[in-house]
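Welcome! Take a moment to look over the structure below, and then let us walk through it together.

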Amino acid sequence: MKPNPGGILQLDDIVGREPLIAYLQQALDQQSIVLVAERRIGKTHVLEKLRATAPAGWVMIKRDIGAVRTATEFVQYVMADLYPHLQAKTNFRNWLQGLGEQLGGVQIGPVKLPNFPHKQWKQVLGDTIAHLDDITTIERVIFLWDELPWMLEIIAKNNPQEAMELLDTLRALRQQHSKKIRMVFTGSLGLHHIVRSLKEQGYNNTPVNDMLSIEVAPLTLSDGASLVERLFIDNRLAAATPAVYEQTALAVDCIPFYIHHVVSALLKNPASLGSPLDMQTVSAVIEHGIHSSDNPWDLQHYEERTQAYYGLQRAQSLALLDSVAACVGHLSVAEAIRRAKAACPAVEQQQWIELLRLLERDHYFARDEDGKLGFKFTVVKRWWVWHRSLEMLQTGGAA
Ligand SMILES: Nc1ncnc2c1ncn2[C@@H]1O[C@H](COP(=O)(O)OP(=O)(O)OP(=O)(O)O)[C@@H](O)[C@H]1O
Ligand SMILES: [Mg+2]
């Protein structure tokens, strides 16, 4: 395996995730799922591995819908994705073909997708899903929709009503066809941000409260170390001691994206190829990945997105992030707020509490067993401290 940070991996190169996949399959037997996680954790590859291990009788359809612009286009993709799974001469297949011929449409592979009038998208989607009941050989159809929040955001920009109706329609279809279909939503943007912005525009529903929310964590330490080892061996890098594999994985929070980056950077340096690599060399590469104005690990995004995520509360969010980042250990909620207040004194307590909750939901913070706050990922914390030139403080407040 070659390092491929951010690219699409071959199935054999997707390490670990077996317990999560088994859990997802078990959960999907009962209900639909929202897969939540920080960006770049490996959600898309979890979906890929899940699809490849579909039990007999289950059809898993994976589609990145991040660039879909309208509900009509979304429905066309649903039809195109279902088509290859239909046996010849089913009513559904005939219906689909007939609709394409009758209304005219775009040829995608073997099927001419109907150009139905935009206002009929709901009806056509409902009919499409209802026709799945024709197919008795398929027990369950599972739609794995990657980047669904981006699609909703794009649709909502032009037509918030349509985004709300699409969310509601999908929920209704899950209820009406609870035996046959399941949906998995995921994406690099949290769905809660989309729902929140739709609520500001009058949306009142809870569109995913029937779905189970499951978090994709980083790799386990042993899978992270195995990934490092495999990348080293396959690329003719020698480790000074076997402990280097585990220590490297730990130093980047067992996030496979960064592991690929580390090996990629090691390979760029001819000195790496000559002698066995110790942690000092690996740490220098990690340091460069985090502390470099070229932003090779795309960490700048963690600050940039606060504009879109927190809008008018951006200054407060930055103050909270600074106060927690600048602490050597974990910080109590009260102390984090007290420190952040120095930058934004006029903000009320309730707003701080709500913002903290959001920052946890967006995977910046995690609490320890005593309920104290810290950064969830050390890589992000290291970048934050460096980028914002923070002076580190002990928990008690002494410099
Ligand atoms: N299980 C894995 N084994 C090996 N490498 C992995 C694994 N999962 C992810 N990676 C690495 O991390 C990169 C990012 O993974 P992926 O695209 O699945 O993350 P994501 O959570 O979908 O990201 P985004 O939030 O940007 O959509 C991959 O390109 C690959 O380099
Ligand atoms: Mg992805």
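Predicted model: local features only at pLDDT ≥ 70, side-chain atom pairs only at ≥ 80, totals over all residues.

**Domains**
- The protein chain is assigned three domains: domain 1 covers 17-215, domain 2 covers 221-290 and domain 3 covers 312-387.
- If you look at domain 2 and domain 3, their centres, taken over C-alpha atoms, are 31 Å apart.
- These two domains also meet, with five residues of domain 2 in contact with six residues of domain 3.
- On the domain 2 side of that meeting place, there are four nonpolar residues and one charged residue, but no polar ones.

**Nonpolar cores**
- The largest nonpolar core is made of 53 residues.
- Within this core, V34, L144, W145, L152, A163 and V184 have the most contacts.
- Helix α7, which runs over residues 160-176, is the top contributor to this core and gives six residues.
- To see how the chain comes together here, find L152: once its neighbours within four places in sequence are left aside, L152 is in contact with A163, L167 and I194.
- Another core, of 52 residues, lies apart from the largest one, and A249, V263, V282 and L356 are among its members.

**Around ligand 1**
- Ligand 1 is surrounded by 22 residues, and the closest are R39, G42, T44, S188 and P256.
- Both domain 1 and domain 2 take part in this shell, each with at least three residues.
- Two helices to look for are α2 (43-52) and α11 (256-268), each of which supplies at least two residues of the shell.
- By class, the shell has nine nonpolar, nine polar and four charged residues.

**A closer look at helix α14**
- Which residues of helix α14 (residues 301-310) are buried? They are Y302, T306 and Y309.
- These three cover an arc of only 80° around the axis, so they sit on the same side of α14.
- What does the buried side of α14 pack against? The buried residues of α14 pack against α8 (191-199), α15 (314-325) and α18 (378-387).
- After α14 comes G311, which has a positive phi, near 45°.

Notes: Residues numbered from 1 in each chain as written. Chains lettered and ligands numbered in written order. Domains from an automatic or database assignment. Contact = placed C-beta atoms within 7 Å. Nonpolar A, V, L, I, M, F, W, Y, C, P; charged D, E, K, R; others polar. Core = buried A, V, L, I, M, F, W, Y, C linked by C-beta atoms within 7 Å. Buried ≥ 20, exposed ≤ 12 C-beta atoms within 10 Å, placed from the backbone. Helix = DSSP H or I, 4+ residues; strand = E, 2+ residues; numbered from the N terminus. Near = placed C-beta within 6 Å. Arc of directions from axis to C-beta.
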